[in-house]
Amino acid sequence: MAVGKEIKTQIASIGSTRKITSAMEMVAASKMRKAQDRMQSSRPYARSIRGVIQHLAKSNPEYKHLYLQEREVKRVGFIVVSTDRGLCGGLNINAFKAALTEMKANSDKSIEVDVCALGSKAVTFFRNFGGNVVAAKTHLGDAPEVAELIGAVKVMLDAYDEGKLDRVYIVSNEFVNTMTQKPVVEQVLPLKAEDDDERLNHHWDYIYEPEAKELLNGLLVRYVESLVYQAVVENNACEQAARMLAMKNATDNAGNLIDELQMVYNKARQAAITQEISEIVGGAAAV
Amino acid sequence: MAMTVHCDIVSAEEEIFSGLIEFVSVTGSLGDLGIYPGHAPLLTELKPGPVELRKQGGEQDIFYVSGGFFEVQPHKISILADTALRAKDLSEAAAQEAQKHAEQAMADKSSELDYSRAAAQLAEATAQLRTLQQIRKKLGR
């Protein structure tokens with residue numbers, strides 16, 4: 001029967017799409033668990049080093065490291081963390097939007113903007129958008145390593161050291177829970193004191209062993225690395241969660257679509273049969 | 001009761017220890033340091049070596065760190081280790097093996113060799129052995 005041939009084909013094609021999306025959902029779900037573990041396990045270090053840096057920012061050191069000095073802002077750098085692959089809902093776009101708002105606020109004050117893009121989505125986006133991409137790193141994989149990130153981050157740090165950049169931000173997604181990911185823009189350099197610990201509100205300085213300069217160089221570079229690493233790992237968990245959700249929605253939608261099409265098909269078939277019968281009856285009556 | 005201070009030991013991979021302690025000793029870059037609660041703020045680099053804790057109540061615990069940073073505040077002590085191990089996870093045989101291997105690599109002048117890397121490996125293996133000896137002495141194991 002020729003009725004609804006197109007509909008039949010369409011149902012079959014949506015059916016196979018649904019299979020793919022549900023497979024992707026399951027893959028994302030299992031990857032998310034691993035990514036979450038990775039995020040959780042590196043969190044204590046990130047939290048502790050952040051605590052130390054906060055203390056440091058509150059101290060009154062005799063040697064003021066470059067990273068602790070505020071200077072007049074002429075050019076800022078953004079480290080934008082994104083995914084390598086698509087099909088993860090609005091995850092990347094939300095982060096890019098947050099970045100763009102911040103960038104616009106800067107460019108309105110005629111401050112220039114450099115971008116360091118991590119992940120191929122950010123690279124493509126900022127190349128097309130016309131951002132000044134100074135460093136890029138893609139294909140970090142599911143288990144990114146600090147060593148892979150250092151190269152791209154070093155470009156930003158060197159630019160900061162040389163005074164080409166006066167401020168560095170990092171843009172990434174924060175993993176709130178499986179359903180929610182929140183884009184955040186955080187200032188990396190110079191370090192900002194946020195901790196309102198009463199006990200530190202007096203004039204004090206560390207005892208440094210060995211010398212302050214050497215020690216702080218090591219510590220601060222480590223801090224930035226840890227910050228970027230944490231952002232990348234967290235973004236990875238976000239990616240998997242967002243993809244899982246997007247694929248779940250896609251699977252559900254495909255199911256609804258198939259139901260609707262099946263209904264249309266059945267109706268068309270029924271109509272064709274009814275028509276045929278009435279034609280036969282009409283024909284018989286005419287004889 | 002003895003005074004205590006909160007201490008965190010974290011490595012890049014995991015949190016190793018978090019709790020109240022009465023005393024801690026570490027291997028700083030300029031020598032060993034022993035810290036009691038209420039110490040003045042101090043910041044130093046760590047060399048590979050043992051970290052010895054006396055927890056609240058007097059129980060001893062020994063960890064091994066392969067380097068990192070050490071921060072002291074009067075109310076809080078943080079140890080940011082590159083890698084940290086619970087001392088009972090250390091293997092004496094593996095450490096000796098690594099030490100021998102590193103010594104050989106350094107003695108072998110003919111081969112193309114990353115001298116500083118071998119030296120670092122040797123320092124680490126020696127520090128692991130030192131940690132193990134310390135455990136045996138202190139805990140009588």
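Strand β6 (residues 207-209) of chain A runs parallel to β4(B), the two pairing over three bridges. This is a predicted model, where local features need pLDDT of at least 70, side-chain atom pairs count only at pLDDT 80 or more, and totals for chains, interfaces and linings use all residues. Residues count from 1 along each chain as its sequence is written, chains are lettered from A and ligands numbered from 1 in the order written, and side-chain values use heavy atoms, without hydrogens and water.

Q: What makes β6 of chain A and β4(B) a pair of strands?
A: Two strands pair if DSSP finds at least two bridges between them. Here there are three bridges, so the pair qualifies. In one of them, Glu209(A) has Thr44(B) as its partner. Strands themselves are DSSP runs (E, at least two residues), numbered from the N terminus.

Q: Why is the link between Arg222(A) and Asp82(B) called a salt bridge?
A: The rule wants a side-chain nitrogen of Lys or Arg within 4 Å of a carboxyl oxygen of Asp or Glu. The closest N and O atoms of Arg222(A) and Asp82(B) are 2.6 Å apart, so the pair passes. Between chain B and chain A, the count is one salt bridge.

Q: How do you know how much area chain B and chain A bury between them?
A: Buried area is the accessible area (1.4 Å probe) that two parts lose on being put together, summed over both. For these chains that comes to about 2100 Å², with 65% on carbon and sulfur atoms. On the chain B side, Leu43(B), Phe69(B) and Leu80(B) lose the most, together 30% of what that side buries.

Q: What makes a residue part of the contact of chain B and chain A?
A: Contact means heavy atoms within 4.5 Å. By that test, chain B gives 26 residues and chain A gives 25.

Q: Which domains does chain B have, and what do they bury between them?
A: Domain 1 covers 5-87 and domain 2 covers 91-139, with bounds from an automatic or database domain assignment. Their C-alpha centres lie 22 Å apart. Together they bury about 960 Å², 64% of it on carbon and sulfur atoms. Pro50(B), Ile62(B) and Tyr64(B) supply 47% of the area that domain 1 buries against domain 2, more than any other three residues.

Q: How many salt bridges does the rule find across the interface of domain 1 and domain 2 of chain B?
A: The rule finds zero there.

Technical notes:
Helices (H or I, at least four residues) and strands (E, at least two) are DSSP runs, numbered from the N terminus.
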